[in-house]
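Here is a friendly walk through one protein model, with the sequence and coordinates to hand.

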Amino acid sequence: MKRKSFEKHRLAVAQAASGIVLEIGFGSGLNLPYYRNVSKLFALDPSRDLFVLAKGRVEKAAFPVDFLQASAEQIPLADTSVDAVVSTWSLCTIPHPQLALKEVLRVLKPGGTFSFIEHGKSPNRFVAAVQKCCTPFSKCFAGGCHLDREIEKLIRGSGFDIQKLDTFSTWSMPLAYMYRGVATKTDSFATKSSKC
């Protein structure tokens, strides 16, 4: 996902976040140049090696970056501790994305946002069938990547209201149907959390 053509999507997703931000699947820090109005970034990734690759970008950041070596399924932050969460092409590789999204809800402050760009199941039946056939191979050879996850359904089903959603195909990756948007906690989740 280093392609030049994806930079505009990174920019749109990163600029939707402000304040104290958590990025899940930080990788080598490709989103760092696109953040605006960030006071602190928690960079979560299970791989320390990737964070080492991000060192140059981290040193140039205009805000502190704290590395969290962990899975998004168990985020080592307190409840309601961040203003925004960002994910760029990360939900495809997380073994249990529902758990990760529940964790995102847990750490988000009331009124916080989850901005994302992900690839997932295509609405085109033929493409979706090809995605299903290819996913066992992409899981083995592309870092656990699932081509056919139902991204919108996953996000809504985990307790989010999607405020904005753009979906599109890209000629450079015909099997990667894109979902880009911003979501917030549903009212029912916020009410339930306040009663706990």
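## Nonpolar cores

In this predicted model, the largest nonpolar core has 29 residues, and Leu22, Val85, Phe114, Ile155 and Phe160 touch the most other members. A nonpolar core here is a set of buried Ala, Val, Leu, Ile, Met, Phe, Trp, Tyr and Cys residues joined through side-chain atoms within 4.5 Å. Buried means under 20% relative accessible area, exposed means over 50%, and partly exposed lies in between (1.4 Å probe, protein chains only). Two or more residues each come from β1, β2, β4, α4, β5 (108–120), α6 (151–157), β6 (160–168) and β7 (177–185). Helix α4 gives the most, with five residues. These helices (H or I, at least four residues) and strands (E, at least two) are DSSP runs, numbered from the N terminus.

Apart from this core lies another, of 24 residues, including Val21, Phe26, Val58 and Val86. As a general point, nonpolar side chains in soluble globular proteins tend to be buried together.

## Two residues and their contacts

Which residues does Phe160 contact, leaving aside its neighbours within four places in sequence? They are Leu101, Val104, Leu105, Leu108, Phe114, Ile155, Ala183, Thr184, Lys185 and Thr186, where contact means heavy atoms within 4.5 Å.

Thr113 is found in strand β5 and counts as buried, at 18% relative accessibility. Not counting residues up to four places away in sequence, Thr113 touches Ala16, Asp83, Ala84, Val85, Leu108, Val182, Ala183 and Thr184.

## Salt bridges

The whole structure holds six salt bridges, each defined as a side-chain nitrogen of Lys or Arg within 4 Å of a carboxyl oxygen of Asp or Glu. One of them joins the side chains of Arg106 and Asp79, at 2.8 Å from N to O. Arg106 sits in helix α4 and Asp79 in the loop between β3 (65–69) and β4, so this pair links distant parts of the chain, 27 residues apart. Both partners are partly exposed: Arg106 has a relative accessible area of 22%, and Asp79 one of 48%. Asp79, Glu103 and Arg106 are linked in a network of salt bridges.

Asp83, which also touches Thr113, forms a salt bridge with Lys109, with the closest N and O atoms 3.3 Å apart. Because Asp83 lies in strand β4 and Lys109 in strand β5, the pair ties together parts that are 26 residues apart in sequence. Asp83 is partly exposed at 28% relative accessibility, and Lys109 is partly exposed at 28%. Asp166 and Arg180 meet through their side chains in a salt bridge of 3.2 Å, N to O. Asp166 is in strand β6 and Arg180 in strand β7, so parts 14 residues apart in sequence are tied together.

## Positive phi angles

Most residues other than glycine have a negative phi. Here, Asn37 has a positive phi near 60°, and Trp89 has a positive phi near 55°.

Are these residues buried or exposed? Asn37, in the loop between β1 (19–24) and β2 (38–45), is exposed, with a relative accessible area of 67%. Trp89, in the loop between β4 (82–88) and α4 (97–107), counts as buried, at 8% relative accessibility.

## Conventions

Residues are numbered from 1 along each chain as its sequence is written, and side-chain values use heavy atoms, with hydrogens and water left out. For this predicted model, local features need pLDDT of at least 70 and side-chain atom pairs count only at pLDDT 80 or more, while totals for chains, interfaces and linings use all residues.
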